[in-house]
Amino acid sequence: MAWDKKKRDDGSDELFSENARLERERKQGAIDDAQAMADASGTPEEELEVPKDTWGTVRRLWRAAAGERWRFGVVIAAILVYTGFHVAAPAYSARVIDVLWANIQAAFAEGRAFTVGWETGGRELAIYFGIWTGACALYSVQCFVMAGFAEKLNLSLRRSIAEKLSRLPLKFYDGHKPGEVVSRATNDLDKMSEVLQTGLLKLMSAVGTIIGALYMMLCYSVLLTAIFLVFAFVSTLITKGVSKWTLRLAAERQRYVGELTATVEEAYSGRLIIKSFNREGSSSQRVHELSDKLARASRRADFATNAISPLIRFIIRLAQVLIAVVAGGMLVGGQITIGVFQAFFQYIHQASEPLTQLSFTINTLQNALASVERVFDILDEGEIEPDPLPEVAAKLPAAVEGRVDFSRVRFGYDSEKPLMRDVTFHVKPGQKVAIVGATGAGKTTLINLLMRFYEIGGGSIELDGVDTHAMARPDLRANFGMVLQDAWLFDGTIAENIAYGRPDATREEIVRAAEMAHVDHFVRTMPQGYDTHIENDAETISQGQRQLLTIARVILCNPAILILDEATSSVDTRTERDIVQAMETLMHGRTSFVIAHRLSTIVDADLILHMRAGTIIEQGTHEELLAENGPYADLYRSQFA
Ligand SMILES: Nc1ncnc2c1ncn2[C@@H]1O[C@H](COP(=O)(O)OP(=O)(O)OP(=O)(O)O)[C@@H](O)[C@H]1O
């Protein structure tokens, strides 16, 4: 449903079922938030998600990066040169050590003290230093350019999503939870850019370093390299197995975090009901139980995550011990120099570190690609029919009178299941139309169609004789003012909230509107009057006052047609009187549609539409309908018997 329809006259069951619905939504929201938090963390221990079409998503991402691809080219070039420096450094260190060692031995043989000069190892040390400085500089270049690439891509996708959201039909929002959509536009995209900057960069330099280091190791000794490869293979197998295990444990932990957050949220929002039923004990026991489960799951997940690296390092140490024994023999036998001996160990380190990380890095990348896929899923959603171009769009007369004609309108939220089959009625300018009917009869739907929140499946809706379908939606909606039971206030000052539909309104106009809505007095009692800052869920403003503020908002816009959801029984009688008066001021001389919950308030309506199962079963004035002695008369008598 596009807008609220919550309060009704029937008693506490309604209130409780509504409360339960809100609770369910809150609970789901909390789980979404927890999930979103987990998603945003981007740690390698996330639940493993695999893209449905890895290469398809990569290709599409590449297309989305058009215009920024040169940055990626620079990154690749920087990585190649960096890897060259990085791999060359240990080999050159072998030369540095051998030159220094030869000069030290020569000095000892000649009985003089050894000092490092340009010709006695200084030149090699300077070059060695230069190699590392170059590597460091290129590393910074990679990170800097990749950050630019990732953030530009992020920005362009975020813009596409923002534009797309305004073109999606309301049907899309009906089928998706708000947290889910928000998470696509924020967490999923952030995860992508973070992973591009860390994961992909790491993967590309890891692959380059592993290949380079193994090549150098093979050049030095095939035997020693073979020993290393056997141990590396074992450690890779273990990493793969353990990473699956850690992901499973992390997912379990995340589930408990979600449940605990939702339970605490529920206990918080339902505190009054919980206390009134004396259920504090069981509520806090549930929190304790979940906390215990979370602690146990966290212990297992932390152990698995923290134990893996030492285990892999231990295996690599074993390889190093064995290689040290074999290489020591080769050193003594003169097959390798002391410089090569130490260089080999540096290569073991260079190759083994990325190897231990590789499967985590690949998991993280897969996870990020799955996120990107979800973003593309939204971009692929079907859009609303675009508005006609301004030059061809049907235009309303300059002064809209407010004549509304529904002719043989057909509609269904689901095209397979028609709800409205043949709705016809005609409203003259300035008339008050009351829509009545049981819950789910289609009252809100009628308004949804009038405002073109949904497109009709057949027939026509005309405003002042102009087919609303041929108009641009903003032109149509500019003529309506809606006052709903769910009075939506946003984070801003009271004045800004009243001037929402006309941000250019002067302070005098705002105050005048508030006076007409009977809310000026209340606003003046607030700490900073019209400049008081309010938040959407500010509990200091009651439901009735919120509604009066939204009435002031509509008064300020001075629309030709009004849509009012009748005052509810949840406000006190004085506020209700204020609301009724404010609404009457508003309705004076304008076409108005009132969704009526109490028949007593609509006896003066010019047209009553009695709805049932999506169709208008009776229409006419109060007197006419009573005279017909049909279902309306029964309903009226049942309320006033
Ligand atoms: N967005 C939606 N998607 C699918 N079905 C919907 C949607 N909104 C309403 N419906 C269904 O359409 C029917 C009419 O709903 P509608 O909200 O128009 O009734 P209503 O008369 O306004 O009810 P209430 O008095 O409870 O507000 C109901 O069966 C409802 O379940």
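How far apart do the end C-alpha atoms of residues 70–92 lie, and how much of the span is helix or strand? I looked this up at the outset, in what is a predicted model. The end C-alpha atoms of residues 70–92 lie 32 Å apart, and the span is 100% helix and 0% strand.

**Entry on the annotations.** I consulted the UniProt record, an unreviewed entry, which annotates residues 70–92, 125–150, 199–216, 222–239 and 321–345 as "transmembrane region". Of these, I also examined residues 222–239. That span is likewise 100% helix and 0% strand, with end C-alpha atoms 25 Å apart. I found the chain over residues 74–367 to be 93% helix and 0% strand. The end C-alpha atoms of residues 74–367 are 25 Å apart.

**Entry on helix α6.** I turned next to α6, residues 178–220. It has 43 residues and reaches 60 Å from its first C-alpha to its last. This is close to the 63 Å expected at 1.5 Å a residue. I recorded a kink of about 45 degrees in α6, centred on R184.

**Entry on α6 and α10.** I then looked at how α6 meets helix α10, residues 338–379. Their axes come within 5 Å and cross at roughly 155 degrees. Angles over 145 degrees count as roughly antiparallel, and α6 and α10 are therefore roughly antiparallel to each other. The crossing of α6 and α10 is left-handed. I sorted the residues of this contact by class and noted 27 nonpolar, eight polar and five charged.

**Entry on α4 and α6.** I took up helix α4, residues 118–167, in the same way. The axes of α4 and α6 come within 9 Å and cross at roughly 160 degrees, which makes α4 roughly antiparallel to α6. I noted that the crossing of α4 and α6 is right-handed. By class, the contact of α4 with α6 has 16 nonpolar, five polar and three charged residues.

**Entry on helix α9.** What span should α9 have at 1.5 Å a residue? I noted that α9 covers residues 280–332, and that its 53 residues should span 78 Å. The end C-alpha atoms of α9 are 77 Å apart, which agrees. I found a kink of about 30 degrees at A307 in α9, shortly before the proline P310. Just after α9, I recorded a positive phi of about 80 degrees at G334.

Definitions and conventions. Residues are numbered from 1 along each chain as its sequence is written. This is a predicted model: local features need pLDDT of at least 70, side-chain atom pairs count only at pLDDT 80 or more; totals for chains, interfaces and linings use all residues. Side-chain values use heavy atoms; hydrogens and water are left out. Axes are lines fitted to C-alpha atoms, for helices over the stretch in contact, and angles run from 0 to 180 degrees between N-to-C directions. Helices (H or I, at least four residues) and strands (E, at least two) are DSSP runs, numbered from the N terminus. Angles under 35 degrees count as roughly parallel, over 145 as roughly antiparallel, 65 to 115 as roughly perpendicular and the rest as oblique. A crossing is left-handed if the near helix is turned anticlockwise from the far one by less than a right angle, and right-handed if clockwise. Ala, Val, Leu, Ile, Met, Phe, Trp, Tyr, Cys and Pro count as nonpolar, Asp, Glu, Lys and Arg as charged, and the others, Gly among them, as polar. The expected span of a helix is 1.5 Å times one less than its number of residues. The bend at a residue is the angle between axes fitted to the seven residues ending there and the seven starting there. UniProt positions are given in the numbering used here, feature names are shortened, and annotations may be inferred rather than shown by experiment.
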